[in-house]
Amino acid sequence: MSEDNKIGLLDSGVGGLSVLSELYKIMPNGNYVFFGDTKNVPYGTKTPEEIFNCTKKILEFFISKNIKTAVFACNTTSAVAYDRLKEHFKNEIKIYPLIQSVAKYSIDGLKDNDTIAVLATKATINSKKYEKEIKKYNPNINVVGIDCTGFVEIVENRLYNDQEALSLIKSKLDFAKENNAKRIVLGCTHYPYLTNIFKNILDVEYFNPAQNIAQIVKNDIKSNSTNGSLDFYVSKNPQEFILSAKTFFDVKECKLHEI
């Protein structure tokens, strides 16, 4: 992979590093530029127009860096802004949206009338994007969307032992259990940071879209490089980003670029 084949990954914060982590495992010599929009985190409580504008600015930044491939390492952006952004940047940058790319894999092995629960942000749940995409492949799967507002803040602020945070998580997983969910989709890239907590509360199968999107990108982009690169940018608080990132990535240096 040459420098011209740099891959840009974007998210509202550290969540998208769960996608970068999976991509780095299978393509360690890639040239990656990650942008966490920490100034505007979380995206999940914003309007579609606000999400569109935030993401548009990041894509413009990627283009200024000669990046031709962007991965939406963010379910919310994929849910509410991808279609407009794909059209807006159609001749400038190729975009891989998370939900649309992985929905068919999320129901592998499930049968008609099985229930899959989607944990996601308010904006993603309101869009019903997971349900729409899943039902393209099997209209008989029951999809239960669960608004997990507050989970992103738990991750960004590292509240893994906070009792109020743990009670919030349990209440959402109890709802999935009440609906007899056979599988739970981690429908926000921040949520893999919480997987161990989830499993201690509810022992079911968890689907992490990061693994599938990483494989899709790898299959499309042939790498011949022997020397990869990693560059990290945020729009606010680079040191906080580095601290919160540690679960998925040891970010040694992070540059501030306000958008």
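Axes are lines fitted to C-alpha atoms, for helices over the stretch in contact, and angles run from 0 to 180 degrees between N-to-C directions. On that basis, in this predicted model, helix 9 (residues 163–178) runs at about 165° to strand 6.

- An open sheet is formed by 4 strands in the order 6-5-7-8, with parallel pairing.
- Its edge strands, strand 6 (142–147) and strand 8 (205–207), each pair on one side only.
- On average, neighbouring strands of this sheet are turned by 25° against each other, direction ignored.
- Strand 7 (residues 183–186) is joined to strand 8 by 3 bridges in the parallel sense.
- Opposite Ile184 stands Tyr206 of strand 8.

**Helix 9 across the sheet**
- Helix 9 lies across strand 5 (115–120), strand 6, strand 7 and strand 8.

**Strand 3 and its partners**
- Strand 1 (residues 7–11) pairs with strand 3 in the parallel sense over 4 bridges.
- Strand 4 (residues 94–96) also pairs with strand 3 in the parallel sense, over 3 bridges.
- Thr69 of strand 3 is the bridge partner of Ile7, and Thr69 also stands opposite Lys94 in strand 4.

**Side chains of strand 3**
- In a regular strand the side chains alternate between the two faces of the sheet.
- In strand 3 (residues 69–72), Thr69 and Val71 point one way, while Ala70 and Phe72 point the other way.
- Thr69, Ala70, Val71 and Phe72 are all buried, that is, under 20% relative accessible area.

Notes. Residues numbered from 1 in each chain as written. Predicted model: local features only at pLDDT ≥ 70, side-chain atom pairs only at ≥ 80, totals over all residues. Heavy atoms only, no water. Pairing = 2+ DSSP bridges. Helix = DSSP H or I, 4+ residues; strand = E, 2+ residues; numbered from the N terminus. Contact = heavy atoms within 4.5 Å. Buried < 20%, exposed > 50% of the residue type's maximum accessible area, 1.4 Å probe, protein only.
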